[in-house]
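Hi there,

Have a look at it first, and then read on for my notes.

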Amino acid sequence: MSGTTELIARHEGALIGNYGKLPVALVRGQGAMLWDADGKEYIDFFAGFGGTILGHCHPRLVAAITAQAQSLWQVGNQFYSEPQIRLAEHLKAKAFEGRAFFCHSGAEAAEAAIKLARISAGSNRPKIVTMQKGFHGRTMGALSATAGPAQNGFAPLVPGFVHVPFDNLEALEDVVDGTTAAVMLEPIQGEGGINEPTRGYLRAVRELCDRCGALLIFDEVWTGVGRTGHWFGHQISGVTPDIMTLGKALGGGVPVGGILASPRLAAYFKPGTHGCTLGGNPICANVSAAVFDVIQQENLLDHARTAGAMIREKLAGSAISGRIKAIRGSGLFLGVELDIPDATPVVRHALANGLIVNATQKNVLRICPSLVITPPQIEKALTILEKAIAAV
Ligand SMILES: *Cc1c(COP(=O)(O)O)cnc(C)c1O
């Protein structure tokens, strides 16, 4: 087994440096715990950008991937196979009556949603309105939907995208019109800083879309699959979209993305209009379907809400509560805005002391552990976090 220093040197000699890195090489995980190449233990408060929604090596996911790996791998989407059917049935049972399409990532889910909106709206309605501080992925279509510095250097972008401030109905009313195919937004912004809209905003967006004949697309790549203590983030407001995009947690740590679209829209994706060679492949789909079974059978939506409330209470009652400007979010999708301009030193201090946590928008700590995290693990993690905040 190679140590951390050697792995970092080999990585730098062999991979493209497009990610900001922390000086840790991880080799093993169990539930919400991780171990690095030097044997050091960490509590995982970020779950790999939410991907490991059930932590590492959940026995039922290990069983699901093993059983499928021993029976059937990839068949091609000209054939039928049961795992993707079970996964799609979970989506329509838990979200809304719709039809699913599967791919591998959140960006590809955004591409599918954008293409479905365009093909259904027709050539006179090309406009797609998205939100400032929103995030939809790195491919050219998804990037064109993502306002801000992520676009720098990549022009020309895909035409037809307009960005407005999040949670500002008037700004949206100014741009949504008879040429608008869709409004696409996150029910709670993730990369943008865990920003929740004002009560009533999403319903007003729904009504505006309906008035203008525009579609409503919710990007649920972060908020989907139990993260917020609800199956899907839109269920907090009770506002149902026409298309929902999914990724991150959907595969429980293996790459699965997808969309769920109303049957009327789904009918526009006729054979030949869109596709994904390995999308919905039996191995990934079988794990993903098991993610839904486990969340349901282990009552993890309730646990996400209880654990999230516990984290909020403990932080609000802690010695460093004066350093916190706001705590936002739902369930185990939490943003803690600090009173310092840059939370990077907090992230590094916590890491050195055995806690993995993330910061976005410079000073918003994101607490997004797997739904299997236990109360003692949360206690220990918060002690490390509070010390890190006090130290900087
Ligand atoms: C992460 C994210 C994406 C992109 O997902 P990838 O799998 O990285 O392509 C899209 N939308 C939202 C809201 C995200 O958080």
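Predicted model: local features only at pLDDT ≥ 70, side-chain atom pairs only at ≥ 80, totals over all residues.

The ligand site

The shell around the ligand is made up of Ser105, Gly106, Ala107, Phe135, His136, Gly137, Glu186, Glu191, Asp219, Val221, Trp222 and Lys248. By residue type, this shell splits into four nonpolar, four polar and four charged.

A polar side-chain atom of Lys248 sits 2.5 Å from an oxygen atom of the ligand. From the backbone, an N or O atom of Ala107 lies 2.7 Å from a ligand oxygen, and a polar backbone atom of Gly106 is 2.8 Å from an oxygen atom of the ligand. How much of the ligand's accessible area does the protein cover? On its own the ligand has 390 Å² of accessible area, and the protein covers 81% of that.

The salt bridges

Side chains of opposite charge can pair when their charged atoms come close. In this structure there are 14 salt bridges, and a few of them are described here.

One is local: Glu82 and Arg86 pair through their side chains, with an N to O distance of 3.5 Å. Both residues belong to helix H3 (residues 82–94) and are four residues apart, which is about one turn of the helix. Arg86 has a relative accessibility of 29%, so it counts as partly exposed.

Another joins Lys127 and Asp177, at 3.2 Å from N to O. This pair links distant parts of the chain, 50 residues apart: Lys127 is in strand S5 (residues 127–131), while Asp177 is in the loop between helix H6 (169–175) and strand S7 (180–185). Are the two partners buried or exposed? Lys127 is buried, because its relative accessible area is 16% and the cut-off for buried is under 20%. Asp177, at 30% relative accessibility, counts as partly exposed.

Then there is Asp242 with Arg206, whose closest N and O atoms are 2.9 Å apart. Asp242 and Arg206 are both buried.

Finally, salt bridges also form a network, which links Lys92, Glu97 and Arg99.

Terms used:
Residues numbered from 1 in each chain as written. Heavy atoms only, no water. Near = heavy atom within 4 Å. Polar contact = N/O pair within 3.5 Å; in protein donor to acceptor, adjacent residues only side chain to side chain. Areas by Shrake-Rupley, 256 points an atom, 1.4 Å probe, with all protein chains shown as cover. Nonpolar A, V, L, I, M, F, W, Y, C, P; charged D, E, K, R; others polar. Salt bridge = Lys/Arg side-chain N within 4 Å of Asp/Glu carboxyl O. Helix = DSSP H or I, 4+ residues; strand = E, 2+ residues; numbered from the N terminus. Buried < 20%, exposed > 50% of the residue type's maximum accessible area, 1.4 Å probe, protein only.
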